[in-house]
Number of protein chains: 2
Amino acid sequence: MFEQLGLIGCGLMGGSFALALKQAGLVKRVVGYSKSPSTTERARQMGIIDIEAPSALLAVSGADIVLIAVPVSATEATFKTIKHLVTPDMLIMDVGSTKRDVIDAARRALREHVGLFVPAHPIAGKEVSGIENADADLYAGKQVILTPIERTLAPQLQKAHELWTRLGCKVLTLTPEQHDASYAAVSHLPHLIAFALMNAIAGQPDGKNYLSLAGPGFRDFTRIAASEPKVWRDILLSNREELLAQSKIFQRNLQALEVMISSGNAQALEGLIEQASMTRAHWSMNSKNKP
Amino acid sequence: MFEQLGLIGCGLMGGSFALALKQAGLVKRVVGYSKSPSTTERARQMGIIDIEAPSALLAVSGADIVLIAVPVSATEATFKTIKHLVTPDMLIMDVGSTKRDVIDAARRALREHVGLFVPAHPIAGKEVSGIENADADLYAGKQVILTPIERTLAPQLQKAHELWTRLGCKVLTLTPEQHDASYAAVSHLPHLIAFALMNAIAGQPDGKNYLSLAGPGFRDFTRIAASEPKVWRDILLSNREELLAQSKIFQRNLQALEVMISSGNAQALEGLIEQASMTRAHWSMNSKNKP
């Protein structure tokens, strides 16, 4: 399907994408670049990329598909670096968790080439990061959200759709605004909460003892707190308006529960827990598309 | 090790305990009682109990071990019901997630027999409840916290310790106060937050769409939101002081993150996320006891 992938950012997401493309026989060569030369070298030693590029620009040279898998705040600089070697048939994608800011960056940096860029957000991740944890099956069975704009070229969009489908993903198309509002609620806010909870417990005099007593519920609840700090710093900042709005709604609901607890209103408390419990029990991943 | 288990409450926790004891060859007969006769019947049909008792009192008759596995708010009434048939060699335990309130109930209801009661909290659970989900391996490899008081009889405490150890559990002893403060932080607060988050999202006009887009991070984060409403109503109410104190600390930490996000203080934000991420990455279950 593709001759050459230019991979910019050899971390968990980028490395897993290269492995998945290779495993599916969708690409012949992967030319990779990472900010840290030792990471790029490691990616080649692991067979995830075939050729080390000394710059982002050279990683793009000769590619018919480019994946930008860097922290959101580095996206615009990356677009600027590569724009001189983009070609009319090239498909450029990202894997970022926010979309409006990335699209703004693409408009500013790529200008007349912005149509080559198909903004993509695969709903996949791990609590561990780095090329060492790259996994050819990271994306299989997961959702991928594409958020094309009016200037996105139809052939690029179609190729992106087909590529992710062939990696075993369920592809959905949303507007960038729908995307950012939705993920503020179901991903960015849970991360923010998980970070706050870990700090709240660890900051107490007996925090270490408390943590030593935690069980499987805590393990699953806080798994996302171990996410990569730079990546999540950028996500929380770039989607700040939607995120802070969601956090307000959350705190209102938390305080409603607190009022019932402190007043001992068992019936109302049970009602609210029941509502939460039923919602969660009836939820399942990709539920909209299940029979 | 035991002749007859009197099981009061044939749900997930009680049913799993009976199965685990049978599987380990630690009991000959299980006499069970549940508030709903159809549940008791179902437990017998499933082979989890051997004999259906028509009342809690009759479930205790002739038992050398009694497990009370009912919602916390029903514990005192259960103690009162059974106290006329307790015997000096009997071991009585519960599996409740809060301990001070259960001990207070035991003091009031059991009076001179309070020494027979060994308060126990196995750190195990599932997001599904009911006898149908009983699992002989639910407790294996998990922590069990015992919170004896000064009047707890030594032979009973020793038997309890041995029993849980033989079920494959790691047994720890804490004071009831230490227990309740710890679990307010690492269990009750996460549940409260998970309930609030589900309600916050589901209560929005686009909540259903948001939920349909959620991925594996959300799945794990909200797993505990599906917990049994009556059980959790009682836990949150009975440990309210510690819980509300922990919730305050959590909200302060959340708001500290929000300030950095709204002011765009990337460096400070990254520092706080890094702290949370490192704490979680270095945490593991039963970490205190690992090399």
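**Exercises on the interface of chains A and B**

In this predicted model, B:Arg233 and A:Glu270 form a salt bridge whose closest N and O atoms are 2.5 Å apart.

**Exercise 1.** Determine how many salt bridges link chain A and chain B, and verify that the pair B:Arg233 and A:Glu270 qualifies.

*Solution.* The criterion requires a side-chain nitrogen of Lys or Arg within 4 Å of a carboxyl oxygen of Asp or Glu. For B:Arg233 and A:Glu270 the N and O atoms come to 2.5 Å, so the pair qualifies under the 4 Å cut-off. The count between the two chains is six salt bridges.

**Exercise 2.** State the extent of the contact between chain A and chain B in residues and in buried area.

*Solution.* Chain A contributes 85 residues and chain B contributes 85 residues. The area buried between them is about 7900 Å², with 69% coming from carbon and sulfur atoms. On the side of chain A, A:Leu213, A:Phe221 and A:Arg280 supply 9% of the area that this chain buries against chain B, more than any other three residues.

**Exercise 3.** Describe the packing of helix α7 of chain A against helix α11 of chain B.

*Solution.* Two packed helices are described by the angle between their axes and the distance between the axes. Here α7(A), residues 176-202, and α11(B), residues 240-262, pack at about 125°, with axes 8 Å apart. The two helices are therefore oblique to each other, and their crossing is right-handed. By class, this contact has eleven nonpolar, two polar and no charged residues. Among the residues that meet are A:Phe195 and A:Asn199 in α7(A), and B:Phe250 and B:Asn253 in α11(B).

Definitions and conventions. Residues numbered from 1 in each chain as written. Chains lettered and ligands numbered in written order. Predicted model: local features only at pLDDT ≥ 70, side-chain atom pairs only at ≥ 80, totals over all residues. Heavy atoms only, no water. Axes fitted to C-alpha atoms, helices over the stretch in contact; angles between N-to-C directions. Helix = DSSP H or I, 4+ residues; strand = E, 2+ residues; numbered from the N terminus. Parallel < 35°, antiparallel > 145°, perpendicular 65-115°, else oblique. Left-handed = near helix turned anticlockwise from the far one by under 90°. Contact = heavy atoms within 4.5 Å. Nonpolar A, V, L, I, M, F, W, Y, C, P; charged D, E, K, R; others polar. Buried area = accessible area lost by both parts, 1.4 Å probe.
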